[in-house]
Amino acid sequence: MAEEQKNIPAKQEQEEKLEKIKIPETLPVLVLRDIVVFPYMIVPLYVGRSKSKKAVDSSLNSDRLILLLTQKDMNVEEPTEDQLYQFGTVALIVRMLKLPDGRMRVLVQGISRVKVRHLIDDGKIMQAEIVPLEDDEPTILTLEDKAMIKNVRQKFEQAGKLGKSISNEILIIAENIEEPGKLADIIAANLELKIPDSQRILEEANSMKRLGKVHEFLNYEIEMLSIQNQINVKAQGEMDKNQKEYFLRQQLKAIKKELGEEGENADEINGYLKKLEAAKMPEAARKETEKNIERLKKMHPESAESSVIRTYLDWMFELPWGISSKDNMNLKRAKAILNHDHFGLDKVKERILEYLSVRKLSTKTHGPILCFVGPPGVGKTSLGKSIARALNKKFVRISLGGVHDEAEIRGHRRTYVGALPGKIIQELKNAGSDNPVFMMDEVDKIGMDFRGDPSSALLEVLDPEQNNTFTDHYLGVPYDLSKVLFITTANLIEPIQPAFRDRMEVIEIHGYTEEEKIEIARRHLIPRQIEANGLSSHWIDFTPGALKNIIALYTREAGVRNLEREIGAICRKVAHKIALGEKKLYKITIRNLEKYAGVPKLFRDQLLEENTIGVATGMAWTPYGGDILFIEVKLIPGKGTLILTGSLGDVMKESASAALSLIKALASQLQLAPELFEKQDIHIHIPEGGIPKDGPSAGITLATALISAFTGIAVNREIAMTGEITLRGKVLPVGGIKEKVLAARRAGIRTIIMPEKNKKDLSELKDGLIHAMNFIFVSDFKDAVNAALSKKIF
């Protein structure tokens, strides 16, 4: 609730009507945040809280009377009884209007002050049992009382003359009120007192004591207004002095102009004109710059606006208008640099070399807008640096994670104090060329709020058909971004706005295989950590077996960030020993790995020890490179209930239900008695219950485990499978094939059953990995079951 205008006292005839109103013992309560309403005052209030709106409705449906109570802390949304003042004002609702935003606007007129005896809050509406407080008015005014009333009136009028916003109507009404209590209430309502002070006046029943308190506040208010007026007079004097100086300076400027003498900033203006002549600005930018130089010429050098124009001109001249770095067109050299900096990532390297080939044949092509999508630590950002080095371009990078303000991209308009261009223009200035490799990290984590949507602002930046005329709000002129090679990175593609995603060429960077991680560690991570820790290759050496165990037992990730961290920890321990004088070659092997790296943090994925009934091996996609999971089925006496445990998601639960329905439909082919499903509960469990599991790819694994449990035929422990099934028994394709195959191989599995339509996804795997594995492609669930069980049943 908020006050809209000054409190207006009721007219004489209205007061007489109000005094005749009979106040009931119980009334609905309207809780106020930031105002205390006094008797006979007419005040507009805004009502937004649910309980308050119901209190207004209840009042309107009865006698239109309502109790106004003020809360002690205005920030509390749902105040309790002890958070409300116990004295309030009974008011009459004069008018009510419902607003489009759901709030109410009510006009209330205070009647009398009351004390709350008991509050009743049923959660929907608040009501109060009240006791009226009669004003303790003196029967005969003493000479001292009359002097106090006169003094208060004079002080109130004096406050108005000193600048207090009090209307003439209020002053006239106050002049004609004889009752001290009413006079105190009117003045208190128009002094804009703090809530506790207003409440103290409201709670005082003795009218002369109440008037005395108002007199104290009036004295304080008059003293404050007097000090403010003194400050204003001093400030006005300073302003008059500044205006006089400005007038004299303008006269001096006119005299110098008549004498042919140059202005104070002539050297600065000439410097800007020389820069403008040398700059390769397009016509629109040149005209805007000339206009601002002319404006600066006419201004006083020390004026505030001249400083703003200087900053703008400095930005315009520091931008790389028409300044480009020469691209490296040597394809062999570019390929060598990419291969040297990154192991693997063949698809990305191929795309960059294609771009370079096209640029070599035609200079009119736009720079591609690539989006590298992959889990943390796979080298997305470092790949951008390598691309810049391979193409002989400058490299700039911004992180967009958590950015909410559109002005971070488009810049602030020059009307704001401290305005600056957006990050795009700022980084181009830092690059010093108009064709750098521009990397935007974390585009899947861009925020959006009342300040705008940065991802929508980036639509123009990343559109080859529009970005040649990108207009930053600060510059106010188009800037050509078509030569910039934009690269964005993201961990997930789904959070990116569809229109934004459509403008980019998405290249997915999957996790590395164990062999790739070993090679990356050998080529890049170990040399970097050796140098970072002050070591040399004469003091530390890692065997391939040790690296393999670090990868398998100390890290579980798609990238190599944690792998480098573990290698760094080992290097620090060796550096400590060498610093103590124990200088020798420290060879890190499988046997002594725990000595340097500590106890293994993870358990290696392992096969089952033997073929087991009711247990099938599935494969799951994770952001860290995939995993294998064991689906266990147990039949127990019961009533045919399906029990699912292991933190399964809704999709996986539906897959389990579909698999069970399919097996029931094929019961005759499996030679299973129908009553078997009615007399036994089916318990499906996937171990590691603390880890949530979901997705559609476990269909054939669930079906195989169920059939194994019902038929008593064991599942081949050396086979892993993935694929969803329909109620017709068809096997549907799934995603994450590369990660799943890597997980299976890591666990020692060499045979994988997967959907026929996923055969094309093997192109993502290296030839060596494909030849080392045996793939069984199925389109019907019966083929998968026959291949997985130790005995054919279909």
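The side chain of Ser 697 makes a polar contact with that of Lys 740 at 3.2 Å (N or O atoms within 3.5 Å, one able to donate a hydrogen and the other to accept it; neighbours in sequence count only through side-chain atoms on both sides). The model is predicted, with local features needing pLDDT of at least 70 and side-chain atom pairs pLDDT 80 or more, while totals for chains, interfaces and linings use all residues. Numbering runs from 1 along each chain as its sequence is written, and side-chain values use heavy atoms, leaving out hydrogens and water.

Ser 697 sits in the loop between strand E20 (680–685) and helix H23 (699–711); helices (H or I, at least four residues) and strands (E, at least two) are DSSP runs numbered from the N terminus. At 14% relative accessibility Ser 697 counts as buried, meaning under 20% relative accessible area with a 1.4 Å probe, protein chains only. Leaving aside residues up to four places away in sequence, Ser 697 touches Met 619, Thr 722, Gly 723, Glu 724, Val 734 and Lys 740 (heavy atoms within 4.5 Å).

Turning to helix H13 (residues 380–391), its twelve residues should span 16 Å at 1.5 Å a residue, and the end C-alpha atoms, 17 Å apart, agree with that; the expected span is 1.5 Å times one less than the number of residues. Buried residues of H13 include Leu 383, Ile 387 and Leu 391. Among the elements covering them are helix H11 (331–341) and strand E8 (369–373). Just after H13, Asn 392 takes a positive phi of about 60°.

Conventions
Buried < 20%, exposed > 50% of the residue type's maximum accessible area, 1.4 Å probe, protein only.
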